[in-house]
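My notebook is open and I'm taking this structure one look-up at a time. I'll jot down each term's cut-offs when I first need them.

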Amino acid sequence: MNDKRAPAHDEHHRTLVLDDHALQAAATSNLDDGAVTPAFAEHRDDIIALLNDALATELVCVLRYKRHHFTAHGLSSPAIASEFMVHANEEAGHADQIARRIVQLGGEPDFAPDSLSARSHADYDTSSDLKAMVRANLVAERIAVEAYRQMITLIGDKDPTTRRMLEGILADEEEHADELKDLLEQ
């Protein structure tokens, strides 16, 4: 039997059956769009906009963490400054993931420095006190956690690949927030 679907006697019991003709039509139209099929296109621009704001947030976080890494001072500053750099590098990795996904969706990642701060959900911080730095980073991580939770809810089943990527980033952000909370309690 050349048909890849279940034998005919099983089809009477199945309620979910793929439409092979619709699959073929969707897959062969607009091949230049890569993985983006017509059914997904309806939400693509909105998802790209959400991702570009998330990209701005991650980049601002990288800059804030790096500034704090290089300007931290005091008795416990070496360990905390080291943690700031670890977080900066992880946030840079998140930015790379998001930029890569924007391109996969047919968009352009917005790295424009002039608008980063305005598009970011989290603030840049110029604190010079170590405890204030930790607090500013904790607030930013908590903002990121909430932003990613809202994005995941908004995207839902519209784009499972982006949702899974955001869920992974969310887990990292929650871990960062826990680590910063622990530093603040020291």
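**Entry 1: the overall picture**

I started by counting, and the protein has seven helices and zero strands. Helices (H or I, at least four residues) and strands (E, at least two) are DSSP runs, numbered from the N terminus. Going along the sequence, I wrote down the pattern α-α-α-α-α-α-α.

Before going on, I noted that this is a predicted model, where local features need pLDDT of at least 70, side-chain atom pairs count only at pLDDT 80 or more, and totals for chains, interfaces and linings use all residues. Residues are numbered from 1 along each chain as its sequence is written, and side-chain values use heavy atoms, with hydrogens and water left out.

How much of the protein counts as buried? I got 38% of the 186 residues. Buried means under 20% relative accessible area, exposed over 50%, and partly exposed in between (1.4 Å probe, protein chains only).

I also looked up contacts, meaning heavy atoms within 4.5 Å. Among contacts in the protein with a separation of 6 or more, 75% join residues 24 or more positions apart.

Next I clicked on Ser77, which is in helix α4 (residues 77–104). Buried or exposed, I wondered about Ser77? Ser77 counts as buried because its relative accessibility is 8%.

A polar atom of the Ser77 side chain lies 2.7 Å from the backbone oxygen of Gly74. Setting aside neighbours within four places in sequence, I found Ser77 in contact with Ala72, Ser82 and Leu130.

I then stepped back to Leu75, in the loop between α3 and α4. Leu75 counts as exposed because its relative accessibility is 91%.

**Entry 2: checking helix lengths**

The expected span of a helix is 1.5 Å times one less than its number of residues. α4 has 28 residues and should span 40 Å, so the 40 Å between its end C-alpha atoms agrees. After α4 comes Gly106, with a positive phi near 90 degrees.

Helix α6 (residues 130–155) has 26 residues and reaches 37 Å from first C-alpha to last, close to the expected 38 Å. At the start of α6, a side-chain oxygen of Asp129 comes within 3.2 Å of the backbone nitrogen of Lys131. Just after α6, I saw that Gly156 has a positive phi of about 45 degrees.

α7 has 25 residues and reaches 36 Å, close to the 36 Å expected.

Axes here are lines fitted to C-alpha atoms, for helices over the stretch in contact, and angles run from 0 to 180 degrees between N-to-C directions. Angles under 35 degrees count as roughly parallel, over 145 as roughly antiparallel, 65 to 115 as roughly perpendicular and the rest as oblique.

At what angle do α4 and α6 pack? I noted about 25 degrees, with the axes 12 Å apart, so α4 and α6 are roughly parallel. The α4 side of this contact is Ser77, Ile80, Phe84, His87, Glu91 and Ile98, and the α6 side includes Leu130, Met133 and Tyr148.

α4 and α7 cross at roughly 170 degrees, with axes that come within 11 Å, so they are roughly antiparallel. Where they meet, I picked out Phe84 and His87 among the α4 residues and Met165 and Ile169 among those of α7.

α6 and α7 pack at about 155 degrees with axes 8 Å apart, so this pair is roughly antiparallel.

**Entry 3: a few last look-ups**

The buried residues of α7 include Met165, Ile169, His176 and Ala177. The C-alpha of Ala177 is 6.4 Å from that of Arg142, 35 residues away in sequence. Arg142 lies in α6, and it counts as exposed because its relative accessibility is 58%.

Ile47 is buried because its relative accessible area is 3%. Its C-alpha is 9.1 Å from that of Lys158, 111 residues apart along the chain.

How values were computed. Polar contact = N/O pair within 3.5 Å; in protein donor to acceptor, adjacent residues only side chain to side chain.
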